[in-house]
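Colleague: I would like to go through this model feature by feature. Please give the general idea each time, then the case at hand.

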Amino acid sequence: MKAKVKLIAAMFIFGSIGIFVRTIGLSSGILAVVRGSIGTVFLLIAGLAMGKKLSLPAIRKNLKFLVFSGAAIGANWICLFEAYRYTTIAVATLCYYLAPVFVIMVSPFFLKEKLTAVKAGCVAVSLFGMTLVADILGSGQGAAGGWKGIAFGVTAALLYASVVIMNKFLKEIEAVDMTVSQLGVASVVVLAYVLYTEDGTGITFGVSTLFLLLYLGIVNTGIAYLLYFSSLKDLSGQTAALFSYIDPVTAILLSALLFHENMSTEQMIGAVLILGSTLVSELVGGRRREPADTTGRG
């Protein structure tokens, strides 16, 4: 029961991140830097407090995939945060939840996994659901906020899927070691991007913004990951997969409650198709949810 409470709490926290991104008046790049750096430091301190040290030999052994996946996580965050700005939180979240579909589509090529009839059907249903969410078959104007947000959301999903695939090649490394390494790399990569593309000399923010930034790094990243990983050892893969859908449902409900971002009937049907088909693909299709799957999430 305690493990389930931890997992539920982690999913609620992950599901609320769009609210904070919308509220904080800073660029997506800066938010990603803050999130990654504070989250990394928090997890390092938490690990030391629990008597766990990073395994440098394991990190060195997996360094190539950790670097590439960490860079993908940084880019993934920027795209997801941009999606939150250009479209509704609900639509951005649903675009992001196409990531499992992309994993299924490329797994036969990279992981030599069989594409079963169930998985193929789930892919088709998810993609059809996305056409409803994006309003492709309706007015042709796209979901609220426009196609730019949808493009960012789908790109974030592709990047998240690439992280999941790369994490499959990691060997003999603990989840916390992997997460700290990837978050650290993501922070460095995004910092380089921000320094190259933005003029930070004019950035100012007050106490409330500082508080929100700390919350984003400590709670939305550090504590959420800590709760997630500490719950997995006592839960089955199917339970973790089932409970993970609290995340998008929370995001959709919060966006409607706090920002009055209502969805049309067609978009709600699309949401059910996307989330339902991805859930079925994990529970029936046989893909066990790995701890690493959460590292790149929002």
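Modeller: Start with aromatic pairs: rings of Phe, Tyr and Trp (its six-membered ring) pair if their centres lie within 6.5 Å, and planes under 30 degrees apart count as stacked, over 60 as edge-to-face and the rest as tilted. This is a predicted model, in which local features need pLDDT of at least 70 and side-chain atom pairs count only at pLDDT 80 or more, while totals for chains, interfaces and linings use all residues. Residues are numbered from 1 along each chain as its sequence is written, and side-chain values use heavy atoms, with hydrogens and water left out.

Colleague: How many aromatic pairs does the structure hold?

Modeller: Eight. A pair of rings is described by the distance of the centres and the angle of the planes. Phe-65 and Phe-169 are stacked, with 5.3 Å from centre to centre and 10° between the planes. This pair links distant parts of the chain, since Phe-65 is in helix H5 and Phe-169 is in the loop between helix H9 (147-167) and H10, 104 residues apart. Helices here are DSSP runs (H or I, at least four residues), numbered from the N terminus.

Colleague: Which charged residue lies over the face of Phe-65?

Modeller: A charge sits over a ring if NZ of Lys or CZ of Arg is within 6 Å of the ring centre and within 35 degrees of the ring normal. Lys-64 lies over the face of Phe-65, at 5.2 Å from the ring centre. Arg-22 lies over the face of Phe-259, at 5.6 Å.

Colleague: What is the volume of the largest pocket, and which residues lie nearest its centre?

Modeller: On a 1 Å grid over the protein atoms alone, a cavity is a set of points where a 1.4 Å probe fits but cannot get out; a pocket is an open set with protein on both sides within 12 Å along at least five of seven lines, and lining residues have an atom within 4 Å of a point. Grid points are joined across faces, edges and corners, and a volume is the space filled by probe spheres set on the points. The largest pocket has about 630 Å³. Its lining counts 29 residues, with Lys-52, Glu-174, Ala-175, Val-176 and Phe-229 nearest the centre. H11 gives the most to this lining, seven residues.

Colleague: How many cavities of 30 Å³ or more does a search of the whole structure find?

Modeller: Three. The second largest cavity holds about 70 Å³. It is lined by 12 residues, and Phe-14, Tyr-84, Thr-93, Tyr-96 and Asp-247 are the closest to its centre. By class, that lining divides into seven nonpolar, four polar and one charged.

Definitions and conventions: Helices (H or I, at least four residues) and strands (E, at least two) are DSSP runs, numbered from the N terminus. Ala, Val, Leu, Ile, Met, Phe, Trp, Tyr, Cys and Pro count as nonpolar, Asp, Glu, Lys and Arg as charged, and the others, Gly among them, as polar.
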